[in-house]
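The following briefing covers a predicted model. Please consult the sequence and structure shown below.

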2 protein chains.
Amino acid sequence: MSANPGLRGGIERRGLRDHVYERILELLLSGGLEPGARLGIDTIARDLDVSPTPVREAMVQLERTGLVTREALKGYRVAPPLGADQLAELFDARLMLETTATRMAAPAGPELLAELRRAQQQHARIGERVAEALDAGRVDLPLTAEYFAADTGFHAVLLHHCGNRYLLDMSETLGAQLHRMRQTALRGVPDVEEAVAEHAAVVEAFASGEIDAPVAAMTRHLQNVRERSLRLERGD
Amino acid sequence: MSANPGLRGGIERRGLRDHVYERILELLLSGGLEPGARLGIDTIARDLDVSPTPVREAMVQLERTGLVTREALKGYRVAPPLGADQLAELFDARLMLETTATRMAAPAGPELLAELRRAQQQHARIGERVAEALDAGRVDLPLTAEYFAADTGFHAVLLHHCGNRYLLDMSETLGAQLHRMRQTALRGVPDVEEAVAEHAAVVEAFASGEIDAPVAAMTRHLQNVRERSLRLERGD
DNA sequence: ACTTCCCACATCCTATAGGATTATCGGAGC
DNA sequence: GCTCCGATAATCCTATAGGATGTGGGAAGT
């Protein structure tokens, strides 16, 4: 296929729109902006040294993800924080998606098991560091971001192996909302040990070969996450 | 600038982007375009008497629905027809979504039952006319479109009453793909009687008050639809 | 002092123009 | 006859400009 993978840096041309999209996306995911803050087209265009047109396209794409809201003739804003009801619905949707994906991936091949173990160990490793920092009273923002990425990565393994692109798409859409929730509602990582243990239980269930065990373990995990998060949302 | 800004082809006053989006969407859903056909920005802009910018925004929005594909620096095209594997995945996703929505809507209030009955009668009424036309050997395209709309409407009732906006969003996304499938893969409506009967069974299950009956009826219905469609796809 | 009206500023939205890239078609060479 | 190559045309992509709309502040009136 591609003759020389070595020099693909200069001719990476895929339009400004995608670059602008990624920049704004990571800006949103980094959490530096308050919900409701204005996202002026011209302002962003000036900051990125591009014209308003690609910025506008990127905003349309972002609007579809739910991270930004648009009011006609008034401009774009950072989406308001998720309400308690939205939070519950989000967890319900995720429960449906991931249990189904787990069921579809149930006859676990050896490569799935390997990937799952790798993701789980990564998650556990970072989780341990997070727990240490938490005991020391420190809050390490980059570390927590890394932790969330590892957690997302673990779940992504199953979605990638369920063999259904629509489920994967839905999961990625929900993933953006989930990230937003973690920034606004939750302030830290209150349940590292529980999450790591439950992930390990899922891996064990897959390794056991029982056909219904993985779904049961995943259901338990997600219901626990839901319960912990909603309890935290209500104010401890 | 344009000669007469006052009467621009029935375009109202809330931003051209949404209007352009709707126009292109109904153009795609009407089925007048071959899969793979080019969707030139400037061409569409000229046809609708607007500038390329709102057309471009509408295309970004459409790309997210899966109805059109985009190749950087090459333009937009009508998405290729769904393969057999995509078809199966689509039905699996729909099965997951609708059974879950049915379960969530299970304690049926009287207003849900009323809406469901109304939608079911509408579906049955149009279905009868479709069957008559089918017996007479005629193929009435507007009538089949109306039939599909009624079928979609029946399922939409449940999604609207499940109380979860994410499930509703997913269903609408899948709905576009479903519509596309009906245009390409299926040519007519081969299973009017079965579909009407199964919808009636779903309504009855809701009316019975049994907590698990609606989910079971809906599962049976969707599995039957899946089986009939895939059999047709394989070529009778 | 409070409300209302009006005007100036900022921003969004659309239109037009030009550079860059890709597809197409005709012709030369093997 | 087939392949390769170059020029032309069409299209996409980005940038810039101007009209339309919403917003905020100040002055006048009650």
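Which elements each supply at least two residues of the surface near DNA strand C? They are α2 (41-48) of chain A together with α1 (16-30) and α3 (52-65) of chain B, a residue being near a strand if its C-beta atom, placed from the backbone, lies within 6 Å of it. In this predicted model, local features need pLDDT of at least 70 and side-chain atom pairs count only at pLDDT 80 or more, whereas totals for chains, interfaces and linings use all residues. Residues are numbered from 1 along each chain as its sequence is written, while chains are lettered from A and ligands numbered from 1 in the order in which they are written.

**DNA strand C**
- DNA strand C is surrounded by 18 residues, the closest being G40(A), I41(A), G75(A), L16(B) and S51(B).
- With three residues, α3(B) provides the largest share of the surface near DNA strand C.
- This surface comprises nine nonpolar, six polar and three charged residues (nonpolar: Ala, Val, Leu, Ile, Met, Phe, Trp, Tyr, Cys and Pro; charged: Asp, Glu, Lys and Arg; polar: the others, Gly among them).

**Contacts between chains A and B**
- In chain A, 23 residues are in contact with 22 residues of chain B (C-beta atoms, placed from the backbone, within 7 Å).
- On the chain A side, α3 (52-65), α4 (84-104) and α7 (165-184) give two or more residues each.
- That side divides into 10 nonpolar, five polar and eight charged residues.

**Architecture of chain A**
- Chain A has nine helices and three strands, taken as DSSP runs (helices H or I, at least four residues; strands E, at least two) numbered from the N terminus.
- The order along the sequence is α-β-α-α-β-β-α-α-α-α-α-α.
- The C-alpha trace of chain A spans about 55 × 55 × 35 Å along its principal axes.

Conventions:
Two residues are in contact if their C-beta atoms, placed from the backbone, lie within 7 Å.
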